[in-house]
Amino acid sequence: MNPKFKILCALSLLLLTLAAALSPNILKIRYINDITAYFSQEDPRLIAFKKLEVSMGAQESLMILLQLDNQSFLSSAGATVLLDTIRQVETLPGIRRINSLLSHAVSTPDSDIQSAYAFLQKNPLAAETVLGQLADAATHNRGVLSKDQTYSAIYIYFNDSSAIEKNYAAINTILARQKDAHALGETYLLGPVEIKHALNDALLHDCLYLMPLVLAIGLLLLWYFLRSWWLVFSGIVSIVVALVIT
């Protein structure tokens, strides 16, 4: 056997071994949709921006869309479902605040003004006294209740990105539990947080399935046109070195 071919086989085997050893790290890839990732953490502009973000509130939001089967959220049962879902979500760590239909202020029988959520927590069976006020509030805020009243939105604002990673699975668990406990139809996750999560899942899928396939086909095409594994190997090395330098 040609000695050069033996060297090429050894180098190729080494590259395959390294690829197999490093492949578990693919699952650690995270999609970063943030312009601040291009700045050094010690950059004074980035430090000033983060201080401003803390004082003004980070806009890391997730929208949960709930559907009731043949029932309105402007009913005692519907308000109870919304109240119970929000109560469970707000116990998760890292939640800055939650906005929903129940965030609107209502007037209680004692002429006290407070949010519908706070009122229903103390008087869960007195929903009828605030439903009319919530119906009026929903006409001015179309983002919390659909026109047919069977869809209602819950907006969750997180303290930071780490809180999102920790709570994402827990939120899905809560929604699955609520679907079993109440007459919930479909539940949807929307908003900036969900977009980032979906993009990260797509990235992992491509790295696990699409990229190896593209790599294998590319190597075969290079060999078909060049008819030399040495040239294919040198091309791979050139690409790796260029990426490292970049």
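I began with Leu134, and, leaving aside its neighbours within four places in sequence, I found it in contact (heavy atoms within 4.5 Å) with Leu74, Leu101, Leu102, His104, Val106 and Ala116. Before going on I noted that this is a predicted model, in which local features need pLDDT of at least 70 and side-chain atom pairs count only at pLDDT 80 or more, while totals for chains, interfaces and linings use all residues. Residues are numbered from 1 along each chain as its sequence is written, and side-chain values use heavy atoms, with hydrogens and water left out.

**Core.** I then looked up the largest nonpolar core, which has 40 residues, and Leu134 is listed with Leu102, Phe158 and Ile171 among those with the most contacts inside it. Such a core is a set of buried Ala, Val, Leu, Ile, Met, Phe, Trp, Tyr and Cys residues joined through side-chain atoms within 4.5 Å; buried means under 20% relative accessible area, exposed over 50%, and partly exposed in between, with a 1.4 Å probe and protein chains only. Among the elements that give two or more residues to this core I noted β1, α3, α5 (128-140) and α6 (161-181); helices (H or I, at least four residues) and strands (E, at least two) are DSSP runs numbered from the N terminus.

**Sheet.** In which order do the strands of the open sheet lie? I read β2-β5-β1-β6, four strands with antiparallel pairing, where two strands pair if DSSP finds at least two bridges between them. β2 (95-99) and β6 (184-190) each have a single partner strand and stand at the edges, so one side of each is left without a neighbour in the sheet. On average, neighbouring strands are turned by 20 degrees against each other, direction ignored.

Going pair by pair, I found four bridges between β2 and β5 (residues 151-158), in the antiparallel sense, with Ile156 of β5 as the bridge partner of Ile98 and Tyr155 of β5 opposite Asn99. Between β1 and β5, which also run antiparallel, there are seven bridges, and here Ile64 has Ile154 of β5 as its bridge partner. β5 is mostly covered, with six of its eight residues buried.

Axes here are lines fitted to C-alpha atoms, for helices over the stretch in contact, and angles run from 0 to 180 degrees between N-to-C directions. Among the buried residues of α3 are Gly78, Leu82, Thr85 and Gln88. Helix α7 (residues 192-226) lies across β1, β5 and β6, running at about 100 degrees to β1.

**Loops.** Gln149, in the loop between α5 and β5, has a positive phi of about 70 degrees although it is not a glycine, and it counts as partly exposed because its relative accessibility is 29%. Arg227, in the loop between α7 and α8 (229-245), likewise has a positive phi, near 55 degrees, but at 53% relative accessibility Arg227 counts as exposed.

My last entry concerns Asp43, in the loop between α1 (3-22) and α2 (44-56), which counts as buried at 14% relative accessibility. The side chain of Asp43 reaches the backbone nitrogen of Arg45 at 2.9 Å.

Technical notes:
Polar contact = N/O pair within 3.5 Å; in protein donor to acceptor, adjacent residues only side chain to side chain.
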